[in-house]
Each structure stands twice: as structure tokens, then as C-alpha cells.
Amino acid sequence: WFEPLRGVVCLLQIVSGVLSEGDRISVIQQQSNGSTQNEGAREHFSVQDIGVVLPHRLRTSKLGRGQLGYAIVGMRDPRQARSGSVIVLNKDLSHVSERMLLPKINGGSSDDGSSQ
């Protein structure tokens, strides 16, 4: 969602490692042809606020592996935070392959094509 004073609030799940306030990150998005963005097209941000979402937001200053939460990183346009984007710490960018497979988001339809 978007807040006029803070910008885009991203909901995320930490798959590995720890994400803390002050960390520099890059957002990698999958293109329509299945490839990832090239290095020049990646956007870099700084984590300004991070925490968990209860009935209200609770700032924790870091999230670890397996946790779900929110992050405010200075995005000013909701289109910068598309579903299925991968956030990588800048210090770990050299380990990210250009051919890495990003998860596909189905938008609520079942994988087998059946309707219920």
C-alpha cells in the first residue's frame, strides 16, 4: 500500500538471512519474457523502517529467515514494488545469477487449471 508521507509499504517474506534497517537493497523484477532485469535496470534502496504487521504495524528494526513483515525503503511509486519481486542485499548481488528463476505469482488461479 501507499502512504503519502512514507511512500510504498512493501509486504515481504524473508527467505534467507536477515534484513535490518539501514541495509542497502536492490529490487530484481522478472521481465515479461521470463528473464531478470539487467544490472543497470535494478533499483537500489535503503531500508528505512521494517517490522511485523499485527492489527497494527510493529517496528522491530530487523526481520529474520521465515518471518513475514513490512518494509519501507523509499519507493515513491507503487509500480516499483510488483508482486513476485526479489529483494537482495547489495553486498550479495555478486552471488545472484542473471538466469535465476523468480517465483511466479498466479493471482489466485489454481496450478492445474481446474476451477472450483
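**View 1. V53 faces R57 across a strand pair.** V53 stands opposite R57 in strand 7. This is a predicted model, in which local features need pLDDT of at least 70 and side-chain atom pairs count only at pLDDT 80 or more, while totals for chains, interfaces and linings use all residues. Residues are numbered from 1 along each chain as its sequence is written, and side-chain values use heavy atoms, with hydrogens and water left out. Strand 6 (residues 49-53) and strand 7 (residues 57-59) pair in the antiparallel sense over 3 bridges. Strands here are DSSP runs (E, at least two residues), numbered from the N terminus, and two of them pair if DSSP finds at least two bridges between them. Follow the chain from strand 6 and you reach strand 7 by a hairpin of 3 residues.

**View 2. Strand 6 also pairs with strand 9.** Here 3 bridges join strand 6 to strand 9 (residues 68-72), and the two run antiparallel. Look for D49, whose bridge partner in strand 9 is I72. Strand 6 is mostly covered, with 4 of its 5 residues buried (buried means under 20% relative accessible area, exposed over 50%, and partly exposed in between, with a 1.4 Å probe and protein chains only).

**View 3. S61 has a positive phi.** S61 shows a phi of about 70° although it is not a glycine. As a reminder, most residues other than glycine have a negative phi. You will find S61 in the loop between strand 7 and strand 8 (62-64). With a relative accessible area of 37%, S61 is partly exposed.

**View 4. An open sheet has the strand order 5-4-10.** This sheet of 3 strands has antiparallel pairing. Strand 5 (43-46) and strand 10 (86-89) stand at the edges with a single partner strand each, so one side of each is left without a neighbour in the sheet. On average, neighbouring strands of this sheet are turned by 35° against each other, direction ignored (axes are lines fitted to C-alpha atoms, and angles run from 0 to 180 degrees between N-to-C directions).

View 5. Strand 4 (residues 24-28) pairs with strand 5 in the antiparallel sense over 4 bridges. On that side, I25 stands opposite F45, and S26 has H44 as its bridge partner. Another 4 bridges join strand 4 to strand 10, again running antiparallel, and here the bridge partner of I25 is L89. Since 4 of the 5 residues of strand 4 are buried, this strand is largely enclosed by the rest of the structure.
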